[in-house]
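Biologist: Please put the model up. I will ask about it one piece at a time.

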Amino acid sequence: MKTWTVYLSGEIHTDWRQQIEQGAQALNLPVEFVSAVTNHEASDAAGDVLGVPESNFWRDHQSSKVNSIRTKNMIENCDMAVVRFGDKYKQWNAAFDAGMCAALGKPYITLHDESIIHPLKEVDGAAMAWAQTPEQIVEILKYVIAAK
C-alpha cells in the first residue's frame, strides 16, 4: 500500500498537527506528515547564517527565502496538504501555501472555524474541502487513503 505524504501548513500555536497525526496513527493509516518549521524563533533565524542584515525587513527576507527551500520542496512532493488558519494571528504564509498548492494542482483541505469564512472565500474556493476540526481531517484522510 502506498504511503501518502501530507503537508501540514499554517497556524503553530495549537496542537492541531498532533491531533491529526495521532488520529491517523490510531487508524494505522499509511501517512507521512511533513511540515514547515513550527518553532517561531528558529524559523525567524533561518537566514541568520547568511550574516547580520541592516534591518528587520532584510532579516525576514533572508529567512523567508531559506525557509521557502523547505516549504517549496515539501509542497511539490506532497500528495495533499492541510492548511490551518487560526483566529488569533493572520497566517499569510498559509494562504501563500494554499496558493502554491492550487497552482501546482495539489489537493488541499482548509481547516478553520466559521468566523473566518469570508476572508478565506477564495482560498476555500480552490480547496477540495473545508474542515472545522482535526477529527474531520482524520476522517477525510481515512476515506481518501483507505476507502475500498
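Modeller: Go ahead.

Biologist: Which residue forms a salt bridge with Lys72?

Modeller: This is a predicted model, where local features need pLDDT of at least 70, side-chain atom pairs count only at pLDDT 80 or more, and totals for chains, interfaces and linings use all residues. Residues are numbered from 1 along each chain as its sequence is written, and side-chain values use heavy atoms, leaving out hydrogens and water. A salt bridge needs a side-chain nitrogen of Lys or Arg within 4 Å of a carboxyl oxygen of Asp or Glu. For Lys72 the closest N and O atoms are 2.6 Å apart, and the partner is Glu76.

Biologist: In which helix do Lys72 and Glu76 both lie?

Modeller: Helices are DSSP runs of H or I with at least four residues, strands are runs of E with at least two, and both are numbered from the N terminus. Lys72 and Glu76 are four residues apart, about one turn of the helix. That helix is α3.

Biologist: Is Lys72 buried, partly exposed or exposed?

Modeller: Buried means under 20% relative accessible area, exposed means over 50%, and partly exposed is in between (1.4 Å probe, protein chains only). The relative accessible area of Lys72 is 43%, so Lys72 is partly exposed.

Biologist: How many salt bridges does the count come to?

Modeller: Among them is Lys142 with Glu139, whose closest N and O atoms are 3.8 Å apart; both lie in helix α6, three residues apart. Another is Lys121 with Glu122, at 3.9 Å. The count comes to six.

Biologist: What is the order of the strands in the open sheet?

Modeller: Two strands pair if DSSP finds at least two bridges between them. The sheet has five strands, with parallel pairing. Between β1 and β3 there are five bridges, and Val6 stands opposite Met80 in β3. The order is β2-β1-β3-β4-β5.

Biologist: Which strands stand at the edges?

Modeller: Each edge strand has a single partner strand, so one side of it is left without a neighbour in the sheet. The strands at the edges are β2 and β5.

Biologist: What angle does the direction of helix α3 make with that of β1?

Modeller: Axes are lines fitted to C-alpha atoms, for helices over the stretch in contact, and angles run from 0 to 180 degrees between N-to-C directions. Contact means heavy atoms within 4.5 Å. Helix α3 packs on the sheet and touches β1 and β2. Its direction and that of β1 make about 135°.

Biologist: How many disulfides does the structure hold?

Modeller: A disulfide is a pair of cysteine sulfur atoms within 2.5 Å. The sulfur of Cys78 is 5.3 Å from the closest cysteine sulfur, in Cys101, which is too far for a bond. Both residues count as buried, Cys78 at 2% relative accessibility and Cys101 at 0%. The number of disulfides is zero.
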